[in-house]
Amino acid sequence: MGRVVVDVMPKPEILDPQGKAVANALPRLGLTGFTSVRQGKRFELEVEGPVTDEVLAAAREAAATVLSNPIIEDVVAVVDAASLDAVQGAQA
């Protein structure tokens with residue numbers, strides 16, 4: 001079974017009140033050095049079988065038409081979750 005990860009973020013010109021609230025809370029918690037926070041959405045799409053180029057193309061279409069609002073959001077990543085797992089495993 002394969003998995004595709006889709007990350008969606010608000011467009012830079014769109015106000016992000018949740019990100020602003022988090023940014024304001026961080027210094028109060030002693031977490032300094034962060035100048036900005038943007039909050040987005042992550043979708044994980046499971047597929048039967050391996051993640052192929054065709055599966056990624058379908059996921060990109062879903063991201064552009066269903067998973068995001070193109071007026072206020074950008075799709076910033078559509079990737080095979082296995083590639084993310086490999087990167088995260090190498091960082092551990």
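What kind of link do the side chains of Glu 44 and Arg 42 meet in? They meet in a salt bridge, 3.1 Å from N to O; the term covers a side-chain nitrogen of Lys or Arg within 4 Å of a carboxyl oxygen of Asp or Glu.

Before going on, some ground rules. This is a predicted model, where local features need pLDDT of at least 70, side-chain atom pairs count only at pLDDT 80 or more, and totals for chains, interfaces and linings use all residues. Residues are numbered from 1 along each chain as its sequence is written, and side-chain values use heavy atoms, with hydrogens and water left out.

Back to the charges. The structure holds 4 salt bridges. Glu 44 also forms one with Arg 3, and there the closest N and O atoms are 3.2 Å apart. Glu 44 lies in strand β2 and Arg 3 in strand β1, so this pair ties together parts that are 41 residues apart in sequence. Strands here are DSSP runs of E, at least two residues; helices are runs of H or I, at least four; both are numbered from the N terminus.

On exposure: buried means under 20% relative accessible area, exposed over 50%, and partly exposed in between, with a 1.4 Å probe and protein chains only. Glu 44 is partly exposed at 45%, Arg 42 is partly exposed at 46%, and Arg 3 is partly exposed at 24%.

Another salt bridge joins Lys 11 and Asp 74, at 2.9 Å from N to O. Lys 11 sits in the loop between β1 and α1 and Asp 74 in strand β3, residues 73-80, so the pair ties together parts 63 residues apart in sequence. Lys 11 counts as buried at 17%, while Asp 74 is partly exposed at 27%.

Next, the interior. A nonpolar core is a set of buried Ala, Val, Leu, Ile, Met, Phe, Trp, Tyr and Cys residues joined through side-chain atoms within 4.5 Å. The largest one has 10 residues, among them Val 4, Val 51, Leu 56 and Val 78. Strand β1 (2-10) and helix α2 (53-67) each supply at least two of its residues, and the largest share, 4 residues, comes from α2.

What does Val 51 contact, leaving aside its neighbours within four places in sequence? The partners are Gly 2, Arg 3, Val 4, Leu 56 and Asp 80, where contact means heavy atoms within 4.5 Å.
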